[in-house]
Amino acid sequence: LLLGALTGLAGALVQAGWFPGGLLLALLGAAGLFVGGARAVGSRAGAVAPAAGWMISVILSTAGRPEGDFLFGAGGGSYLFLLGGMALAVICATLGGGRQPGGDDVRLGK
């Protein structure tokens, strides 16, 4: 959850800094974290926890402050980062490792 929040915050800063490359870098970092979490834990919950942290940090970053400061601009790159990251989170959580028995002497379909 904490790594997802840090990745979301770092991606929010990078995607606006170097627009085309920064957006791809931020989305690839998020996808790598989601897939890595699913592989490390061996279930879909490994992708859901960092995805939840990512979404929480990105949604909180979109809110403006009373002084008028904000982290996200109103450009298309910000919307692509927000919607693309959410789509990647759903894809990685859905395609998480299925339940397959381990071992060489296990026959499936029996």
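Tutor: This is a predicted model. Start with α1 and α3: α1 passes α3 in a right-handed crossing.

Student: Which residues of α1 and α3 make the contact?

Tutor: On the α1 side, G4, A5, T7, G8 and L9. On the α3 side, P50, G53, W54, S57, V58 and S61.

Student: How many of those are nonpolar, polar or charged?

Tutor: Five residues in the contact of α1 with α3 are nonpolar, six are polar and none is charged.

Student: And at what angle do the axes of α1 and α3 cross?

Tutor: Roughly 40°. The axes come within 6 Å; α1 covers residues 2-17 and α3 covers residues 45-62.

Student: Switching to α2. How far apart are the axes of α1 and α2?

Tutor: They are 7 Å apart, and the two helices pack at an angle of about 165°. Helix α2 is residues 19-41.

Student: Why is α1 roughly antiparallel to α2?

Tutor: Because about 165° is over 145 degrees.

Student: Left-handed or right-handed crossing for α1 and α2?

Tutor: Left-handed.

Student: Which residues of α1 and α2 meet?

Tutor: α1 brings L3, G4, T7, G11, V14, Q15, A16 and G17. α2 brings F19, G22, L23, L25, A26, G29, A30 and L33.

Student: How does the contact of α1 with α2 divide by class?

Tutor: Nine nonpolar, seven polar and no charged residues.

Methods: Residues numbered from 1 in each chain as written. Predicted model: local features only at pLDDT ≥ 70, side-chain atom pairs only at ≥ 80, totals over all residues. Heavy atoms only, no water. Axes fitted to C-alpha atoms, helices over the stretch in contact; angles between N-to-C directions. Helix = DSSP H or I, 4+ residues; strand = E, 2+ residues; numbered from the N terminus. Left-handed = near helix turned anticlockwise from the far one by under 90°. Contact = heavy atoms within 4.5 Å. Nonpolar A, V, L, I, M, F, W, Y, C, P; charged D, E, K, R; others polar. Parallel < 35°, antiparallel > 145°, perpendicular 65-115°, else oblique.
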